[in-house]
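Trainee: Please take one part of this model and go through it closely. I would like to start from a single residue and then see what lies around that subject.

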Amino acid sequence: MDLSIDVGARVLVLAKPAASASLLLRILAGLARPGAGTFRVAGLARADDSAQGWARRVGYVGPQAGIYPWMSPAEALDLAGKLAGLDLEERRRRAAVVAEQFELPERLDAPVRRGGPALAQLTALACTMLADPEVVILDRPLLALEPEERARLLALPGARRTVLLTGIAPAVVSPFITQLFTIRMGRGVLAGTRTDG
Amino acid sequence: MDRLPTVTRLALRELWITYRLVLIVGLPVLAGLLLQAVPLEATELGPVGGAGHWLAVGLAVAFSVIGAMAAATIAAERRRGTMGWLVVRAVPRSGVLIGWFAAFGLPLAGGLGVGATATWFGALERTPTIPDALPFTVASAAMLAVGLASIATGLLFGLLLRPLPAFALTLTVCAAFLGLSVMGPFPDGLPPVAVMAVLGDLERGTTPVAQAVRGAGIALAASAALLLLASAVTERLDL
């Protein structure tokens, strides 16, 4: 499969079977290995030999938060900032911004297990946005939240930020989706639906 | 690799919070105390030989369990997405693996040091003269390489299997290799963990120090080979 997505596109990936969309996003995130094909998103080429550079510019949130249940959102954000190479001051500044954006301030210091899957998923998304990635890949994100709340939180800011997502009803995300990428029988088709973002 | 200390600290904290760190340190310490529970007459060896033998027996059990824990841990890390969480943040896959290897190896070294010291003091209580400590010390220190090989084995199986099968397979393989090297019909032990046989029978060899150093080298080489294999496996895995 070949895929090329422009800068600033907001793409909803639909597939039959649905697992194909998830697999595509996992390949783009560097979690799964492609058998063949070329992948180009926002001018970045996905190639195994440049995986490190790719990972620094691309953020991924999957259905599993991937955060230790004993961690608090504050600890997870700090760790994400450290791994993004941010200094202490910048980590704190950005953590405060994303915590506000994803409504975490009141729950920042309690272990994520106390807040259930919703808090873990919100923390995972906040950790991703902390690094301010050019490309955000969302595979069935925020499943534990109500559809309206999901749609509101998934309208990520940044006109030049490219977003690919799957596992969410088109009607829920239609206000901010600009393109559809459909996969059927192993072949993908990109179709523009809106240009006003 | 600049993220290795961060990953290792994270892994150590996970081990601490889930009490596994207590086992990693405690099992070699318990192995060192085994001599206290075994009458000297249980072996035909002298005080130092007996001390080495029972320490080797205890460590064979401890390393098998710790290797199996490493297997279950890395398999669980992979399945619950915590390994993927690090990988999508530009931590190399092999870096995650090395971080976990260090998180298991560092406390194991501490526990082994305490356990071997306890065994040595136990041996001193059983002899009126102060024996030469060098062969026992070198052979005990060489056991760290065997422990690391057990952890590397566990990490490799943990990447390939689900937590429970990985735990069971590592426990079986390590127990077979280590047990047969100490108590089996192979006087020189089974490579690559032949150093177990050196510690298990310190009074038999004419050059136990040289044998222990050589055995440690072989076990370290085996650990490195297993880690390289595990790194190659993890590069091809879907996380």
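**A loop residue and its setting**

Mentor: Start with R140(A), which sits in the loop that runs between strand 6 and helix 6 (147-154) of chain A. Keep in mind that this is a predicted model. R140(A) is not a glycine, yet its phi is positive, at about 50°. That deserves a remark because most residues other than glycine have a negative phi, and most peptide bonds are trans. As for its surroundings, R140(A) has 18 C-beta neighbours inside 10 Å. A residue needs 20 or more to be buried and 12 or fewer to be exposed, so R140(A), with 18, counts as partly exposed.

D132(A) belongs to the loop between helix 5 (116-130) and strand 6 (135-139) of chain A. Its phi is near 50°, again a positive value in a residue other than glycine. D132(A) is partly exposed because 16 other C-beta atoms lie within 10 Å.

K16(A) and P17(A) are joined by a cis peptide bond, with omega at about 0°. P17(A) is placed in the loop between strand 2 (10-16) and helix 1 (18-29) of chain A.

Helix 6 (residues 134-160) and helix 7 (residues 163-183) of chain B pack at an angle of about 145°, and their axes are 9 Å apart. The crossing of these two helices of chain B is right-handed. From helix 6 of chain B come S150(B), T153(B), G154(B), F157(B) and G158(B), which meet A166(B), L169(B), T170(B), V173(B) and C174(B) of helix 7 of chain B. By class, this contact holds five nonpolar and five polar residues, and no charged ones.

Methods
Residues are numbered from 1 along each chain as its sequence is written. Chains are lettered from A and ligands numbered from 1 in the order in which they are written. This is a predicted model: local features need pLDDT of at least 70, side-chain atom pairs count only at pLDDT 80 or more; totals for chains, interfaces and linings use all residues. Axes are lines fitted to C-alpha atoms, for helices over the stretch in contact, and angles run from 0 to 180 degrees between N-to-C directions. Helices (H or I, at least four residues) and strands (E, at least two) are DSSP runs, numbered from the N terminus. A crossing is left-handed if the near helix is turned anticlockwise from the far one by less than a right angle, and right-handed if clockwise. Two residues are in contact if their C-beta atoms, placed from the backbone, lie within 7 Å. Ala, Val, Leu, Ile, Met, Phe, Trp, Tyr, Cys and Pro count as nonpolar, Asp, Glu, Lys and Arg as charged, and the others, Gly among them, as polar.
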